[in-house]
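Dear colleague,

I am handing over the structure below, and after it I set out what was found, with the criteria given where each term comes up.

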Amino acid sequence: MIEQFAEGALMAFRFDTLMMIAIGLFSGMLVGALPGFTTLMAMAILLPLSFFLDPLVGIPFLLGVYKGGIFGGSIPAILVSMPGTGAAVATSIDGYKLTQKGESRKALDMALFSSVIGDTFSDVFTILMIFPIALLVMQFGPPELFAVLLMSLVIIVATSGSNPLKGLVMMLFGLWLAQIGTDPIGGVERFTFGIFELKSGIPLLPMLIGVFALPELVYAVMRNERASGFAKLVGERLTKAEFKRCIPTIRRSTLIGTAIGIVPGLGQVVAAMMGYSAAKNASSNPETFGDGEVEGVAAAEAANNAVNGPTLVPLLTLGIPGDNVTAILLGAFVAQGLRPGPQLFEEQGTIVFAILVAMVLANLMFIVIGYLSIPFFARIVTIKTGLLVPIVIMFAFAGAYVFRSDTTDVLMLVGFGLFGLLARAAKFDVMPMVMGFILGGPLEYAFGQTVAMAGNNPLGFVLTERFGMVAVLIATPIIGFLLWRRMKTATT
Amino acid sequence: MYLNSLKKTVGAALVATLAFGMPAFAEYPEKPITLVIPFGAGGSHDLNARIITSTIPTHLGQAMIVRLTPGAGGQKGTQEVASAAADGYTLLFAHNYTDMLQQHVENLPYDPMADFVPIARVNYAPIAVVVRGDSDYASFTDLVESAKANPGEIDLAHSGNWGALFVPAAQVMKETGAQFNLVPFQGGGPAMQALLSGDAEVTMGFPSVLGPLIDSGKVRVLATAGPERIYDDVPTFGETGIVGDIGFMHRVVLAPAGTPPEVIEKLEASFTALQEDKSFQRLMSRMGENTDLLLGADYQKLRDEQSDAYKVLVDSITQ
């Protein structure tokens, strides 16, 4: 095994491999930065290219696209408050505030460093612990997923801000919005009023752009800053001292993200929010969070990137793709004649280690590529308001439309934009709503699965067979209460 | 050299302009064709389509572009193609369960029989009934007998209601009288994971993804769909008395009804040529997929049978 590893590690240092990783990282970053285009789409489109490349070139290339794309998503989130995915929502809370303070470059730097650190750590951890993780993954089924999702929602509300009641109201509203459409288990239509467009539910992207970006645009126009755009300055780069201050946060978020990556079905959104909530709760000045705290960006980005390593484990050890990104990677593997599964490491150990090492190299290369690109991106916000606002509006509408090529989504965008403005006027934070909406679907699905698995006797099933679920469910209100009390004493 | 290519470009542009002026004489396809997939990215249709669209341009003389339009269990994308112009530039890449089964479950905004014509069935995937390697069920008959003796006690993981694993499971239940407890998962991958982790006792899977799990002894196959054996020592549905088009997922390209015959001819010719294409065959076989082509008219017969069979099935479950 160690021999294979050493041999594979050397194989990864190939000029064409490194070259294609760099191309993948850069193009992934560009695609990820465009709202409406997801990393997943970019990978699906570029997949055929990997069919005709050497496995040690094609697969690292796709991994580069993936990693570049995740960071790319945080660029519009930080610069124009336009998170293109749920994973970037937590980043935009403090990231955009930093931009408004004229410190966009610092925010982007922090996002870059914390994502690369989170990702690298989780990749290395995954490579070293792949078989124990594979065993651990098996401990989580739908009942445990349900309990963990529920706990995440409680933590989000408890740490949401000065008024958890308002947060709860918004979250319940988000949970209700998630109900609209075809019930994922029974197939019954809910709250669709017979409108076909509502049958597939409310799309996430128009909601994200609508509630986060559109109100900011309206405010930017109302401020009427003739001379400059969203900010006058791009500010300094991140300093060593600031980075050092964030190290404990990055460490904590990386651990949280890696742990969440092990639970199948949770993913980046939960990781980012949990990392953010934990950092806010641990901070001695939680009131700075949400007001341009660079630690907030670090917390969110380190956590959502740390998910990546462990999500590859079921793919590599069993050949089972846990989500769509890993399904595309599975396609890339098998098209190259590599068959992920229990014997992958025995049969193809060298090349798999080479790919994993290339994955870590991709992270290191990304520090350089990202660091050099950030000044160009950061400059965007200093474009004159008169020019910047129309451009951002165009991207907002195009992004909302292009995701599903559906004009209804443009109406949704406007609707959520208005809702965002109203919510802000009434001092309601939209974040818990968005989280309720994103996590509501998986929560309900996991609940439905638990009921289905329980057959005729739900209570007996849960009590006798699902101790983990019961433990998490009992812990949830206690943790929620403790977090709420700590937030309350810290802010007053 | 440059002048030459410039001449060619100008010439091509002129031809194109003329062609636009005289659609009657224009030869299809004169612009890229959109292949709508009514499912999400990364699924088996997506991967199959990536192979098709990266190899078919040689035979078609035009690019084919994938557009993923997931939503409402495949209805969103299907409806989009149903209402698209019947000019051969918008095609649908679906499977038999969305194509022929959904109409019996709910009211659709389109009529799959009247609004679509099949162009080609690109390939098909037979389902396999799978248990863990250390499972107590030695054979398919064993499993069925046990499910009859303890109705609703054995958990069967599938990939979503009325989906590619649910329907074969329901058909097996109907044919054999066995009663499984059907537990939905979000896709075949999570269903397989549930089997391995012990959350379910049985699941279904396609041989294309089972290989490494079988070789390592993690799972055992108890039966496979169809009349012919896929694994030498595993009986088929046919041998166990389950006959008919049960447990096959057909991946099929459809066009809106009213598409001109010469367009359909050109498409059928391209798909026929594609089946002979070496790199298409190589990529498909690596994915573990066959390249068993059925052209429109032949597949339509299958569609008619599917529709009847699914109606009976749905009625028996929902009533």
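The contact between the chains takes 41 residues from chain A and 42 residues from chain B, where two residues are in contact if their C-beta atoms, placed from the backbone, lie within 7 Å. On the side of chain A that touches chain B, the largest share, seven residues, comes from α17(A); helices (H or I, at least four residues) and strands (E, at least two) are DSSP runs, numbered from the N terminus. The residues of that side divide into 24 nonpolar, 14 polar and three charged, with Ala, Val, Leu, Ile, Met, Phe, Trp, Tyr, Cys and Pro counted as nonpolar, Asp, Glu, Lys and Arg as charged, and the others, Gly among them, as polar.

This is a predicted model, in which local features need pLDDT of at least 70 and side-chain atom pairs count only at pLDDT 80 or more, while totals for chains, interfaces and linings use all residues. Residues are numbered from 1 along each chain as its sequence is written, and chains are lettered from A and ligands numbered from 1 in the order in which they are written.

In chain B, six strands form an open sheet of mixed pairing, in the order β2-β1-β3-β10-β4-β11; two strands pair if DSSP finds at least two bridges between them. β2 (64-68) and β11 (294-295) of chain B stand at the edges, each with a single partner strand, so one side of each is left without a neighbour in the sheet. β11(B) pairs with β4 (residues 116-126) of chain B in the antiparallel sense over two bridges, and B:Arg121 stands opposite B:Leu294 in β11(B).

Best regards
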